[in-house]
Amino acid sequence: MSIRWRLTLWYSLMVGLTLLLFGVGLYFYMEHELTSEIDLSISAKAEEVLKTITVVDRYPLPIEQVQLPDVNVFATPNTYLQVVDRNGRILARSNNLGRQALPKSGYPDDGASLAQGYFETADTGEQRLRIYNQPLIWRGQMVGLLQVGRSMQPADLALNRLRLVLAFMGTVTVGLAATLGWVLARAVLKPIDRITNTAAAIQEAEDLERKLLYEGPDDEIGRLTRTFNAMLERLKGAYLRLAEAHDAQRRFVADASHELRTPLTTIRGNVELLQKMGDTQPEVRKEALADIASESERMSRLIHELLALARADTGQNLERRLTPLHELLGEVIRSARHLSDQVRFEPDEDLTSEPIWVMGSHDYLKQLFLILIENGMKYTPSGGEVRLSVQHREGQVGVSVIDTGIGIPAEELPHIFERFYRVDQARFGEGSGLGLSIAQWIVEQHDGKIEVESVPGEGSRFTVWLRELTLG
Ligand code: ADP
């Protein structure tokens, strides 16, 4: 059953119940009021009659006789009077009773209520009668009973009519309430319907650009719409990021296979050359073998880098621990000294003298600095130099690799950290364009920052900023 139906049903039920309660209350109140009014009038009438009744002794008869007034004087078209003696014999009755008599119930038998009048309701079949019975007491003895009756027909008629009116009005009101409830429920649920439809359309068309349009107050529906739109926005963001990641992955695989194919082609060509003329021409053989050696070295380096990036892509985090950066830089300096014969390597004097502590991965940090130093040497013509220096700023330690090399044009700077990106592929043969991508990933994993300043023709400065720990 839909919410709309349930709302309507509940609403109608509530209205119906309220009306029923109200109707029943009103009915009983009216009945009570009408009966009280009759009771009041007949007891007053009895009082009136009682005042005129006298009892006389008629000797020698031993029975007490009641001297009755003419009861007709007191009767009105709706009020009947009757006097009976203690044996139930009718002593007098008003003419309007005709041949009929007021029904007599048993006398009250307890002495206390003897003197008091009492009411009863009798049903004659045609109508109901309200009767007031007033015992007649003489010398402590009950000698008879004065009965004043009054038809309840007018009251019953009024009550009947009230019942009819209540039933009719009740039904009409509940019907109206149901209709109103149905319309209201529709108005309230309409925005929800719209949300459902939009959600369904988005799902079918896979269109995350769509939004729910809502112009109204910031009520429950307004909040639902806002939340729904926010969710769509986030979904869109996540979807875009996923698509981007997927694209990047595809590009990466394509580039990687392309990069791997080039050295393989060279190796295959050289092998063929060896097969053909390797025996006869020792010169060719020497060159071919040298080519094969350098190409396989390039390939293994490439594969090594690709593996590092693939590992980075799986989203695993580096394991970081308290690392003495000064000692690590000492190792880096020792490794870098033999990297090049043409370019001088000049680490600053006091680089390793004072302790510097960072949270990091020893091996990856070493790889990071070596990538930067290697690049510096690679892109610096012979005779130039590569410096290594350290600075401190606002709780951070900055390690700079400064070269006097060819530099990077400003418009290329935003791209150099992209995978497989090389500024001018023709300039230097070595390199895959992956080094800086790996360097950047390592820096990100350390919550650090990498800065580049470069002037083409003069040199470049790569600075890695890491958070420095002060050990107490
Ligand atoms: P590669 O294997 O080509 O060195 P990297 O990712 O390490 O790949 O560097 C990307 C590109 O950025 C390089 O191809 C080069 O053009 C440029 N680059 C990197 N470091 C320097 C530097 N110290 N001086 C000049 N150019 C550099």
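Biologist: Why does Thr323 count as buried?

Modeller: Thr323 has 3% relative accessibility. Buried means under 20% relative accessible area, exposed means over 50%, and partly exposed is in between (1.4 Å probe, protein chains only). The value for Thr323 is under the cut-off, so Thr323 is buried. A word on the source: this is a predicted model, where local features need pLDDT of at least 70, side-chain atom pairs count only at pLDDT 80 or more, and totals for chains, interfaces and linings use all residues. Residues are numbered from 1 along each chain as its sequence is written, and side-chain values use heavy atoms, with hydrogens and water left out.

Biologist: Where is Thr323, and what does it touch?

Modeller: Thr323 is in strand E8, residues 321–324. Strands (E, at least two residues) and helices (H or I, at least four) are DSSP runs, numbered from the N terminus. Set aside neighbours within four places in sequence, and Thr323 is in contact with Leu328, Ile356, Trp357, Val358, Gly360 and His362. Contact means heavy atoms within 4.5 Å.

Biologist: Why does Asn229 count as buried?

Modeller: Asn229 is at 14% relative accessibility. That is under 20%, so Asn229 counts as buried. Asn229 is found in helix H3. Not counting residues up to four places away in sequence, Asn229 touches Lys211 and Leu212.

Biologist: What makes H7 largely enclosed by the rest of the structure?

Modeller: Nine of the eleven residues of H7 are buried, so the helix is largely enclosed. Among them are Leu436, Ile438, Trp441 and Val443. The cover over these buried residues includes H4, H6, strand E13 (449–455) and E14. After H7 comes Asp447, with a positive phi near 55°.

Biologist: How many residues does the largest nonpolar core have?

Modeller: It has 48 residues. A nonpolar core is a set of buried Ala, Val, Leu, Ile, Met, Phe, Trp, Tyr and Cys residues joined through side-chain atoms within 4.5 Å. Those with the most contacts inside this core are Leu325, Leu368, Phe369, Ile373 and Leu388. Its largest share, nine residues, comes from H6.

Biologist: Why does this core lie between domain 3 and domain 4?

Modeller: Domain 3 (220–313) and domain 4 (321–469) both give residues to the core, so it lies between them. The domain bounds come from an automatic or database domain assignment. Phe369, for one, is in contact with Leu325, Leu328, Leu329, Val332, Val399 and Val464, leaving aside neighbours within four places in sequence.

Biologist: How much area do domain 3 and domain 4 bury between them?

Modeller: About 1,100 Å², with 61% of it on carbon and sulfur atoms. Buried area is the accessible area (1.4 Å probe) that two parts lose on being put together, summed over both. Glu305, Leu309 and Ala312 supply 37% of the area that domain 3 buries against domain 4, more than any other three residues. In terms of contact, 13 residues of domain 3 meet eleven residues of domain 4.

Biologist: How many salt bridges does the rule find across this interface?

Modeller: The rule finds zero between domain 3 and domain 4. A salt bridge needs a side-chain nitrogen of Lys or Arg within 4 Å of a carboxyl oxygen of Asp or Glu. On the side of domain 3 that touches domain 4, the elements that give two or more residues are H3 and H4. H4 gives the most, with nine residues.
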